Amino acid sequence: MMDLKKLENLDQKIGQLIVTGFPGSKPDQAFLDLVKKDKVGNVIFFSYNIKSKEQAAALCRQLQDFILEETGVLPFLSVDEEGGVVSRLPEDAAVLPSAMAQGRAEACLQPAMYDPQMPENDLQAHPGEWDPIYHGSKIVGEELKALGINFNLAPVLDINSNPRNPVIGVRSFGNDPALVSKCAVQAVRGYQDAGILCSGKHFPGHGDTDVDSHLGLPSVDKNREQLEREELLPFRTAIAKGIPALTIAHMLLPAYEPEKIPCTMSKKVITGLLRDELQFKGLVITDCMEMDAIRKYYGTPAGAVEALRAGADLIFISHTASVVHESIQEIKNAVDDGRIEMSRIDEALQRVLQYKALYAGEPPEKKHGTKIKKNHTAQADFNSGQPMDLKLVGTADQKKFMEEFYRKCIDLYKPEGMDKMKVGRMPLWIGPYPARTALVQNEADSSFAFSSYLKAKYGGDAVYMSLNPTLDEIDIILSKTNSCSAIAVGTLNAHMNPGQAELVARLAAKLEKAGKPMAVAALRNPYDLEQMPENIFRAALYEYSERALKAFCDLAFFY
């Protein structure tokens with residue numbers, strides 16, 4: 001590990017504690033200046049940064065070389081690769097299902113422990129024969145490492161106990177603390193065995209909220225006994241099993257912090273609860289400090305200062321270069337005027353360097369036998385780069401495993417006597433266009449839609465509905481059903497959009513009278529199906545993706 005004494009300059013020390021990104025497939029000048037002038041030493045990637053595995057590997061290699069040259073330390077190259085609706089890997093990679101789908105499959109391995117009422121699933125027939133969450137996480141870890149990414153901001157340890165949570169939902173392994181704990185441990189083990197750093201999130205538990213911290217400031221108003229039984233259990237379990245890093249949530253926790261101070265900025269939560277009470281010795285990182293929970297109510301620069309004072313080690317300011325620079329200046333001011341003690345900076349730096357020694361690897365010139373590229377001053381410098389071992393990204397075996405895993409995650413609820421639904425000669429396909437229902441999830445893929453995909457495969461007619469259809473829109477859709485042979489509806493968070501549930505109920509009543517079959521696919525949260533009639537074919541797909549629609553067709557329909 002690098003000797004801390006070699007980073008004597010305050011700029012160098014603070015730069016190691018900052019993580020930021022840039023807005024395209026190549027770094028812009030503002031990002032390059034942050035590294036050169038402010039010595040920022042770490043990067044976060046989003047989907048818009050990654051176009052292909054070749055481009056991603058070349059970009060990672062160039063960033064390693066450039067940041068090493070400018071700061072003297074290899075960077076953390078980080079990404080939110082949770083699977084399903086939150087995935088940054090290129091299209092040619094193998095991607096995990098959403099965590100809730102994974103948790104569903106895991107629960108089916110031991111149904112009596114978690115939910116004795118769940119429907120039949122192929123996994124029940126072969127309990128104990130595989131460990132899909134571990135193997136899937138290890139595959140993703142190996143892919144990330146092959147690209148040059150050494151830090152995965154996953155898994156999610158939140159218990160999604162509030163179905164109306166707008167930001168967690170299917171990103172959680174489920175609503176059972178024991179199940180979430182077990183799944184999280186398997187995921188962490190997979191990432192660690194692949195040789196990458198991972199961070200559980202969002203401590204102390206963001207599941208029982210109805211506010212998205214990207215847009216507001218949520219609060220969990222439970223007492224300490226409730227928190228211990230529920231929210232804290234997965235984190236306590238993961239800590240006992242050696243999870244290396246935890247991400248702090250931007251939320252209020254009155255049971256531990258009576259002042260209106262979010263956990264990210266609370267010494268009582270980070271140092272008192274997490275460090276002292278739960279005895280966590282690993283890396284503490286923040287969620288993005290530009291989220292409205294911090295930016296709107298406290299200001300990002302002030303929030304960054306308070307997060308460091310509270311005990312955070314790594315500060316994420318993911319998007320805006322000017323805000324990163326302003327935050328660094330405010331941290332320097334806080335050191336100068338004594339608000340942040342130098343010992344706190346050194347403590348955080350020591351921990352960052354410790355985990356970089358374990359996961360960031362040896363310098364590129366030693367590993368690859370190549371000379372570090374000099375004078376990176378413009379985007380053009382990042383057009384090239386020596387790729388990693390890309391044969392480990394998106395192999396046929398990896399993709400086959402993920403496809404089989406995903407299909408075993410799908411929940412099917414079938415009417416009595418119906419194995420698959422006959423579509424007939426004139427089926428009607430109804431659904432919304434893909435939509436980004438939370439800021440953290442991937443950009444919506446407008447290249448396909450539920451209705452048009454199924455029409456292309458089976459014929460018939462396609463109808464597009466809004467996310468929350470009005471009564472007039474419902475009447476128009478109902479008028480198109482008179483001559484149809486069958487109907488399938490795709491829902492997207494119908495449990496929070498009552499117009500979708502109303503449409504399905506009225507369609508089901510009309511088709512039951514006509515003796516025609518009907519199916520509903522929940523394209524994100526499975527809670528949609530709780531509002532649906534039991535006499536129709538229902539499927540929980542957990543994601544609005546092409547692989548989900550393909551699997552739905554294979555499992556649900558015949559001519």
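Author: A contact, as the word is used here, means heavy atoms within 4.5 Å. This is a predicted model, in which local features need pLDDT of at least 70 and side-chain atom pairs count only at pLDDT 80 or more, while totals for chains, interfaces and linings use all residues. Residues are numbered from 1 along each chain as its sequence is written, and side-chain values use heavy atoms, with hydrogens and water left out.

Reader: Which residues does Arg538 touch, not counting residues up to four places away in sequence?

Author: Arg538 touches Asp411, Leu412, Tyr413, Val520, Leu529, Met532 and Pro533. Arg538 is found in strand β15 (residues 537-540), where a strand is a DSSP run of E with at least two residues, a helix is a run of H or I with at least four, and both are numbered from the N terminus.

Reader: Does Arg538 count as buried or exposed?

Author: Buried means under 20% relative accessible area, exposed over 50%, and partly exposed in between, with a 1.4 Å probe and protein chains only. Arg538 counts as buried because its relative accessibility is 12%.

Reader: What is the order of the strands in the open sheet that holds β15?

Author: Two strands pair if DSSP finds at least two bridges between them. The order of the 6 strands is β9-β15-β14-β13-β11-β12, with mixed pairing. Since β9 (411-413) and β12 (461-464) stand at the edges, each with a single partner strand, one side of each is left without a neighbour in the sheet. Strand β14 (residues 518-522) pairs with β15 in the parallel sense over 4 bridges, and Ala522 stands opposite Ala540 in β15.

Reader: Which way do the residues of strand β2 (residues 42-45) point?

Author: In a regular strand the side chains alternate between the two faces of the sheet. From β2, Asn42 and Ile44 point one way and Val43 and Phe45 the other way, and all are buried. The pairing of β2 with strand β3 (residues 76-79) is parallel, over 4 bridges, and the bridge partner of Val43 in β3 is Leu77.

Reader: Where should I be careful about pLDDT under 50?

Author: pLDDT is the predictor's confidence in each residue, from 0 to 100. Where pLDDT is low, the predicted coordinates should not be read in detail. The chain averages a pLDDT of 87, and 87% of the residues score at least 70. Over residues 111-129, however, pLDDT stays under 50, and the model has 29 contacts beyond four places in sequence for this stretch. Residues 364-387 also have a pLDDT below 50, with 58 contacts in the model beyond near neighbours in sequence.
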